[in-house]
Amino acid sequence: MTTLSKTNASDSNNATDLQTQTHASEQSSVNDPSLHTAPDTQAVQTLLDALTTSHGFENSQIKTDTESLEHWGKDWTKHFAPAPSAIVFPKSTEQVQTVVQLANEHGIVLKPSGGRTGLSAGAVASNGEIVISLDKMNRIGQFYPADRMVEIEAGVITEQLQQFAEDQGLYYPVDFASAGSSQIGGNIGTNAGGIKVIRYGLTRQWILGLTVVTGKGDILHLNNGMIKNATGYDLRHLFIGSEGTLGIVTHAQIKLERQPQNLTVMVLGMDEFDHVMQVLSEFQKQIDLTAFEFFDSVAVDKLMQAGHVQEPFETRTKYYALLEFEAPYEPIMDKAMATFEACMENGWVVDGVMSQSIAQAAELWKLREYISETISVFTPYKNDVSVLISHVPQFIADIEAVVTANYPDFEICWFGHIGDGNLHLNILKPEDLSKADFIAKFQTVNE
Ligand SMILES: Cc1cc2nc3c(=O)[nH]c(=O)nc-3n(C[C@H](O)[C@H](O)[C@H](O)COP(=O)(O)OP(=O)(O)OC[C@H]3O[C@@H](n4cnc5c(N)ncnc54)[C@H](O)[C@@H]3O)c2cc1C
């Protein structure tokens with residue numbers, strides 16, 4: 001890696017690929033699934049019987065054993081005990097429609113379920129619901145090279161789509177640490193963002209068409225992959241981000257992008273948060289960033305204690321920014337370097353390091369990607385908050401003041417996607433405090 005300042009001593013050559021993490025969590029707002037009314041168990045059995053006897057479902061498409069109920073009844077949130085009545089695995093849009101129609105007939109609540117990596121309990125079934133898992137609808141369908149579009153089923157894993165795009169010499173840019181487990185249906189349900197939002201936007205931006213089964217059991221084909229479509233309302237956008245409350249997504253037409261070239265990563269150390277924002281503005285004036293992530297020294301402390309990654313610099317700074325940009329041509333790299341130097345001259349940046357290869361870029365990304373997993377041992381109280389990018393410094397200062405005033409012993413760990421104003425606030429549980437006391441205490445901060 002290239003050292004960007006005199007004081008930097010770190011030069012890791014470890015060529016470990018960035019692993020997609022499938023655990024730890026980055027947000028914690030909570031739906032209360034326990035508010036649903038428990039369904040009549042006889043009605044559930046009647047529905048399940050009807051699926052196999054009258055609607056062509058195989059026995060393997062229905063699970064009611066305890067282990068399966070436990071497994072498919074929960075997501076990454078730990079607040080609610082899973083207690084669904086059954087899990088149903090449809091294999092087609094028509095089968096989803098059948099389940100929805102029967103559920104309406106028998107008054108049973110359904111819970112659409114993707115990879116269950118959500119952190120807001122959206123996919124939790126804790127009160128006798130029937131879970132509709134899209135696990136068996138995971139086929140990649142027709143690819144349209146001229147449209148740079150592919151039709152897929154909702155159960156396709158995010159990483160599988162990324163790999164398909166790569167195999168076509170293209171790129172699917174929605175990416176985050178749970179991409180190895182999350183499904184496109186879940187990404188659409190949550191309008192997922194991630195580490196590339198600053199350049200490529202949220203999931204919504206990549207959806208050219210949807211097939212959904214509505215709560216009434218109608219099948220809707222929305223937008224059919226068109227770019228220009230002036231025939232009526234664009235209902236597709238109502239379903240994106242609606243978390244399965246309006247219907248179940250069964251297929252999607254996904255736009256793909258050209259592959260980025262020579263992605264280069266810089267990690268910069270700064271001592272004041274305002275400087276992080278000034279660095280963001282300065283770089284954005286000069287080059288197109290594909291990521292601008294930040295994390296604080298508490299995160300780096302925990303990473304170093306866990307021994308997961310190398311210390312980026314000899315001297316610790318209070319804040320760190322991870323920038324990524326395409327540098328296919330020399331002049332872009334020159335601009336990036338000139339911008340870095342300007343940031344140093346202005347006294348905003350204390351230290352910096354830049355990748356010289358894909359492996360080094362992956363190594364630097366670990367500094368950001370491993371944080372969730374590393375701090376999960378501290379039972380963090382998590383918040384996933386979004387504010388205007390311009391309001392981020394004041395917001396962080398306000399929160400720190402509240403937490404420090406109320407709980408001087410609590411450690412706060414900040415990280416997140418500054419590029420889109422999406423911050424992850426983590427209050428770490430002191431070792432000597434019980435989980436129950438900790439949860440009770442942070443309610444004040446929550447307010
Ligand atoms: C380590 C980690 C990092 C993460 N980072 C990010 C991040 O950077 N940005 C981000 O946005 N999220 C992030 N998440 C949260 C989560 O991964 C995303 O919200 C993801 O989109 C959820 O997809 P899923 O398939 O797991 O959905 P699930 O958790 O299964 O479901 C999420 C919601 O969508 C609904 N749903 C699922 N499938 C369908 C369907 N076919 N039709 C209709 N509704 C459906 C569910 O009912 C539920 O309400 C992260 C999670 C983890 C664990």
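I began with contacts in the chain, taking two residues as touching if their C-beta atoms, placed from the backbone, lie within 7 Å. Among contacts between residues at least 6 apart in sequence, 76% join residues at least 24 apart.

This is a predicted model, in which local features need pLDDT of at least 70, side-chain atom pairs count only at pLDDT 80 or more, and totals for chains, interfaces and linings use all residues. Residues are numbered from 1 along each chain as its sequence is written.

Next, the fold. I found 15 helices and 19 strands in the chain; these are DSSP runs numbered from the N terminus, helices being H or I of at least four residues and strands E of at least two. The radius of gyration is 23 Å, close to the 22 Å that the globule rule gives for 447 residues, so the chain is as compact as a globular protein of that length. That radius is taken over C-alpha atoms, and the rule is 2.2 Å times the number of residues to the power 0.38. Along its principal axes, the C-alpha trace spans about 75 × 60 × 40 Å.
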